[in-house]
Amino acid sequence: AQQGGNVPVRSLAEMQMAAKKYAQYSLSKLAERKKRQLSLDDLDPGAVFKASNIVSGREAQTVYLCLPFVSTPPKMVMQYSSRSMEKNVYGILSEAVHIHSPSVMLARSGDFVFGAYITNEWRSDGVRFGTPKCFLFSVTLDLKLPYHGRQKSSQSGMYGSGAVQHDCVMCTQDMLQFGLKDLTIQSDRVEGHEAGMTCTSQLEFSYGVGLKIDSMDTKTFLGGAPTFPIDDIEIWAVQ
């Protein structure tokens, strides 16, 4: 059953079939390779995203093993959960800006679980941040969606210091934006008060696997529909 009013425009089975065309970006295959390379056979799946309401077991282990570490496995520390904290963008940023390391966002909308890896410290002033090692992912469709930065727009002028310019992440007090349009999370307002969050998604602006531009796949791979609600969201520090 769908939750939070999320009504996918296509069946999950149809989308999973479409995602199989991009097997080279499979999260689970990337995770198995990392596990072999680093001999992490004794990794406890229950310890990597401990107490998460969004991922557990094999799914938690898969996301963890796709993080870009090459030696010592990092510790995951929950910094924000919509289950116990203010469920809006301001609430997320109030906690995320205190993270002084890379971080992971996990989110769930109905049957769809997705998220992002953020390389840099968060900022909430509308200036873009992050490096090309940032990526989006779909746990449900078993896909890593790397940053490619192929499309540019007038928005691309908002950068912090430094010569290299990337459209990885941008945040304001009521919006989280990954890429130019790839994933946007906004606080809902009811009678002037923030109440919950809604997402829109269109991949292949800054993140993707080579989906046809402006296709239904680009708009539905993360949340099942072009616009979808957030049921749960968590931010984890990678330490």
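What is the mean pLDDT of the protein, and what share of its residues reach 70 or more? The model is a predicted one, and its mean pLDDT comes out at 91, with 89% of the residues at 70 or more. Residues 1-5 are another story: the pLDDT there is below 50, and beyond near neighbours in sequence this stretch has 11 contacts in the model. Where pLDDT is low, the predicted coordinates should not be read in detail.

Six strands make up an open sheet, lined up in the order 1-11-2-3-4-5 with antiparallel pairing. Strand 1 (76-81) and strand 5 (143-146) sit at the edges; each has a single partner strand, so one side of each is left without a neighbour in the sheet. From one strand to the next, the twist averages 20 degrees. Over at strand 5, four bridges tie this strand to strand 4 (residues 135-138), the two running antiparallel. Here F137 stands opposite K144 of strand 5. Helix 5 (residues 89-96) packs on the sheet too, where it touches strand 1 and strand 11 (232-238). The direction of helix 5 makes about 145 degrees with that of strand 1.

As for the cysteines, the structure holds zero disulfides.

Technical notes. Residues numbered from 1 in each chain as written. Predicted model: local features only at pLDDT ≥ 70, side-chain atom pairs only at ≥ 80, totals over all residues. Heavy atoms only, no water. pLDDT = per-residue confidence, 0-100. Contact = heavy atoms within 4.5 Å. Disulfide = S-S within 2.5 Å. Pairing = 2+ DSSP bridges. Axes fitted to C-alpha atoms, helices over the stretch in contact; angles between N-to-C directions.
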